[in-house]
Amino acid sequence: MKIKDIELGELTVMCNDLLFKTLVELGQNNKDENWFVVMSNSLANDLKEDFGNSLTFTDVVMAFRQGVRADEAKFVVNVQTYYLWLKKHRDLIWENNNKEPDRIDKRLKYRSRKGTGLLDIKKVIGDGRNS
C-alpha cells in the first residue's frame with residue numbers, strides 16, 4: 001500500500017514504532033516521549049508530502065533497515081539522516097524498476113512477487129493458440 005493511501009494518524013503511529021525500533025538497533029534508547037511525538041509527526045508528514053506516491057511503508061521500513069546497517073551509517077536519527085535513507089532507497093527502487101527480475105538488486109527482493117501465489121493469466125487460461 002502506497003504511503004498516500006495510509007491515513008495520517010495511522011501513519012504517525014507506524015512511524016513511532018519504526019523510530020523506536022531504529023533507536024534500539026542503534027543502541028540509542030535514551031529519547032523521551034516528546035522526541036518520539038515530534039519525530040513521528042515529522043516523519044509521517046515528510047512521507048506524505050515527499051514520498052507518498054513513490055514508496056510503500058514496507059519500502060520505508062527497508063530504507064531504515066539498510067540505513068542502520070550501512071557502512072557509512074550515521075548513528076544519530078534526525079530528519080537529515082532519515083531523509084538520506086529514504087532518498088537513497090527510492091533511487092535504488094527507481095534504478096531497478098525496468099530491470100529483468102534476475103538482475104534486480106538483492107536489497108529489493110522483498111518487492112518480488114515470486115513465490116507469492118500470484119498466477120500469470122496465460123498459465124491459467126492458456127495463450128489462446130491451442131483452441
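Thr12 has its place in helix H1. Helices (H or I, at least four residues) and strands (E, at least two) are DSSP runs, numbered from the N terminus. This is a predicted model, in which local features need pLDDT of at least 70 and side-chain atom pairs count only at pLDDT 80 or more, while totals for chains, interfaces and linings use all residues. Residues are numbered from 1 along each chain as its sequence is written, and side-chain values use heavy atoms, with hydrogens and water left out.

**Thr12 and the overall fold**

Thr12 counts as buried because its relative accessibility is 16%. Buried means under 20% relative accessible area, exposed over 50%, and partly exposed in between (1.4 Å probe, protein chains only). The side chain of Thr12 reaches the backbone oxygen of Leu8 at 2.8 Å. Leaving aside neighbours within four places in sequence, Thr12 is in contact with Ser40, Asn41 and Ala44. Contact means heavy atoms within 4.5 Å.

The protein chain has 5 helices and 0 strands. Along the sequence the pattern reads α-α-α-α-α. Of the 131 residues in the protein chain, 34% are buried. Take the contacts between residues at least 6 apart in sequence: 70% of them join residues at least 24 apart.

| Pair | Apart in sequence | C-alpha to C-alpha |
|---|---|---|
| Thr12 and Asn45 | 33 residues | 8.2 Å |
| Val76 and Leu26 | 50 residues | 8.3 Å |

Val76 lies in the loop between H3 and H4. With a relative accessible area of 47%, Val76 is partly exposed. Not counting residues up to four places away in sequence, Val76 touches Gln28 and Thr81.

The 13 residues of H3 should span 18 Å at 1.5 Å a residue, and the end C-alpha atoms are 19 Å apart, which agrees. The expected span is 1.5 Å times one less than the number of residues in the helix. Buried positions in H3 are Phe57, Asp59, Val60, Met62, Ala63, Phe64, Gln66, Gly67 and Val68. An α-helix has 3.6 residues a turn, so residues three or four places apart point the same way. The buried residues of H3 pack against H1, helix H2 (33–51) and helix H4 (79–96).

Gln66 lies in helix H3, and His89 lies in helix H4. Their side chains make a polar contact at 3.2 Å. A polar contact is a pair of N or O atoms within 3.5 Å; within protein, one must be able to donate a hydrogen and the other to accept it, and residues adjacent in sequence count only if both atoms are side-chain atoms. Beyond residues up to four places away in sequence, Gln66 touches His89, Leu92 and Arg107. His89 counts as buried, because its relative accessibility is 3%.

**The cavity**

Rolling a probe the size of a water molecule over the atoms shows where empty space is left. The structure holds 1 cavity of 30 Å³ or more. On a 1 Å grid over the protein atoms alone, a cavity is a set of points where a 1.4 Å probe fits but cannot get out; lining residues have an atom within 4 Å of a point. Grid points are joined across faces, edges and corners, and a volume is the space filled by probe spheres set on the points.

The largest cavity has about 40 Å³ of space. Its lining consists of Leu18, Lys21, Thr22, Glu25, Val61, Phe64 and Arg65. Helix H1 (8–26) and helix H3 (57–69) each supply at least two residues of this lining. H1 gives the most, with 4 residues. By class, the lining residues of the largest cavity divide into 3 nonpolar, 1 polar and 3 charged. Here Ala, Val, Leu, Ile, Met, Phe, Trp, Tyr, Cys and Pro count as nonpolar, Asp, Glu, Lys and Arg as charged, and the others, Gly among them, as polar.

Key: On a 1 Å grid over the protein atoms alone, a cavity is a set of points where a 1.4 Å probe fits but cannot get out, and a pocket is an open set with protein on both sides within 12 Å along at least five of seven lines; lining residues have an atom within 4 Å of a point.
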